[in-house]
Amino acid sequence: MQTSTTTTTKKMLRRRSVRAVLAPAALLAALFTAGCASTGDEPVPALQAAEARFEELRSTPRVEEFARRNLRDAERNLQLARTLAEEGGDREEIEHYSFLASSHLDIAEARLNRGLTQEEISTADRRRQELMLAAEQRRAEQQRTRASEAEQRADEAEARLALAQSELEQTRAAAQNLAAELDELKVQQEERGTVLTLSDVVFDFDSDQLNPGGQQTLARVAETLSAESNAYILVEGYTDAVGSESYNQALSERRAKAVKAALVKGGLPEERIDIAGHGEAFPVASNDTPQGRQMNRRVEIVISNTGEPAEPRST
């Protein structure tokens with residue numbers, strides 16, 4: 001009984017001695033200079049496993065950043081277990097401190113993993129926000145580009161419209177000037193253009209040949225129109241209702257051709273002059289009187305003011 005009491009007292013004193021003499025700065029050096037973890041000659045597997053795990057976790061990058069305190073707690077418990085093992089202490093107590101060290105290592109590893117995971121989440125959130133911002137910037141840039149292109153197209157359309165209006169005004173002004181210069185002829189404005197009417201006095205009776213007076217008149221017309229060499233011209237021939245319809249149609253066409261030939265001779269481009277014969281259609285007066293029939297025997301020169309060839313009349 002006395003021997004048992006003495007042994008228990010020695011163990012308690014040894015425990016107090018271990019706890020009192022260990023300092024944090026000396027823990028790591030004492031831990032790894034002790035050799036194999038054993039009680040006397042017998043190894044303690046729990047202590048060996050805890051030491052191996054401590055060494056592995058301690059060498060893991062950034063563990064000190066996230067779990068420094070837990071790592072130090074594990075280190076202190078390992079040192080206590082090591083000291084007891086070196087002094088041949090109670091195996092159960094050695095395993096107890098080894099278990100505490102392993103528990104602190106579990107916590108350290110968990111905190112390390114949590115810290116790294118949180119960093120990954122934060123990095124992913126930042127990357128997502130950066131991608132969203134980049135996408136918004138691309139969309140904004142695309143919208144600015146589309147707006148700029150639309151504005152450019154609108155400006156071009158306005159420029160084309162202004163040019164077309166200017167050309168139309170020039171054409172109208174030219175037609176008015178032409179009308180003033182040809183005031184000796186019968187001139188009127190119609191929807192399809194400026195119309196000059198030549199009576200049948202420019203032709204010999206029942207003929208498609210221009211008489212000398214008609215040739216002079218058309219030479220003057222060609223000279224006046226030469227300033228508008230790009231204008232489209234339509235020459236239309238008409239007759240009265242005397243004679244057959246087929247004869248009158250052919251005569252109106254021949255007279256239109258004769259007027260075109262005279263204009264071309266006067267310097268106007270042939271490819272811009274069209275002809276049409278209407279015969280006794282479209283009378284401007286009654287065919288029951290000599291005066292009316294003379295008015296119906298005519299040639300009309302139509303100068304287009306639209307920039308396009310004038311369309312012949314249709315019945």
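Predicted model: local features only at pLDDT ≥ 70, side-chain atom pairs only at ≥ 80, totals over all residues.
**Group meeting: strands, cores and a buried loop residue**

Asn296 has its place in helix 8, residues 290–296. Residues are numbered from 1 along each chain as its sequence is written, and side-chain values use heavy atoms, with hydrogens and water left out.

Back to Asn296. Asn296 is buried, with a relative accessible area of 0%. Buried means under 20% relative accessible area, exposed means over 50%, and partly exposed is in between, with a 1.4 Å probe and protein chains only. Not counting residues up to four places away in sequence, Asn296 touches Tyr238, Thr239, Asp240, Pro283, Val284, Ala285, Ser286 and Asn287. A contact is a pair of heavy atoms within 4.5 Å.

One of those partners is Asp240, which lies in the loop between strand 5 and helix 7. Is Asp240 buried or exposed? Asp240 is buried, at a relative accessible area of 7%. With residues up to four places away in sequence not counted, Asp240 touches Asn248, Glu280, Asn287, Arg293, Asn296 and Arg297. Asp240 and Asn287 are 47 residues apart along the chain, and their C-alpha atoms are separated by 6.4 Å.

For the chain as a whole, there are 8 helices and 7 strands. Of its 315 residues, 32% count as buried. Among contacts with a separation of 6 or more, 74% are between residues 24 or more positions apart.

Next, strand 7. All 6 of the 6 residues in strand 7 are buried, so strand 7 is largely enclosed by the rest of the structure. Arg298, Glu300 and Val302 are buried on one side, and Val299, Ile301 and Ile303 are buried on the other, which leaves both faces covered. In a regular strand the side chains alternate between the two faces of the sheet.

Which strands pair with strand 7? Strand 4 runs antiparallel to strand 7 and is joined to it by 6 bridges; strand 5 also pairs with strand 7 in the antiparallel sense, over 6 bridges. Pairing requires at least two bridges found by DSSP between the two strands. Ile233 stands opposite Ile303 in strand 7.

Now helix 7. Helix 7 covers residues 245–265, which is 21 residues, and reaches 31 Å from its first C-alpha to its last, close to the 30 Å expected. That expected span is 1.5 Å times one less than the number of residues. The buried residues of helix 7 are Asn248, Leu251, Ser252, Arg255, Ala256, Ala258, Val259, Lys260, Ala262 and Leu263. What covers them includes helix 6 (212–225), strand 5 (233–238), strand 6 (273–277) and strand 7 (298–303). Just after helix 7, Gly267 takes a positive phi of about 110°.

That leads to the cores. A nonpolar core is a set of buried Ala, Val, Leu, Ile, Met, Phe, Trp, Tyr and Cys residues joined through side-chain atoms within 4.5 Å. The largest has 22 residues, and those with the most contacts inside it are Leu218, Ile233, Val235, Val259, Leu263 and Ile301. At least two residues of this core come from each of strand 4 (193–199), helix 6, strand 5, helix 7 and strand 7. Helix 7 gives the largest share, 5 residues. Another core, of 20 residues, lies apart from it and has Leu47, Phe54, Leu78 and Ala85 among its members.

Two arginines sit over tyrosine rings. Arg298 has its charged end over the ring of Tyr238, 3.8 Å from the centre, and Arg272 lies over the face of Tyr232, at 4.4 Å from the ring centre. The rule asks for NZ of Lys or CZ of Arg within 6 Å of the ring centre and within 35 degrees of the ring normal.

Last, backbone angles. Most residues other than glycine have a negative phi. Arg62 has a positive phi near 75°, in the loop between helix 3 (45–58) and helix 4 (63–86), and is partly exposed at 34% relative accessible area. Phe282 has a positive phi near 55°, in the loop between strand 6 and helix 8, and is partly exposed at 24%.

Key: Helix = DSSP H or I, 4+ residues; strand = E, 2+ residues; numbered from the N terminus.
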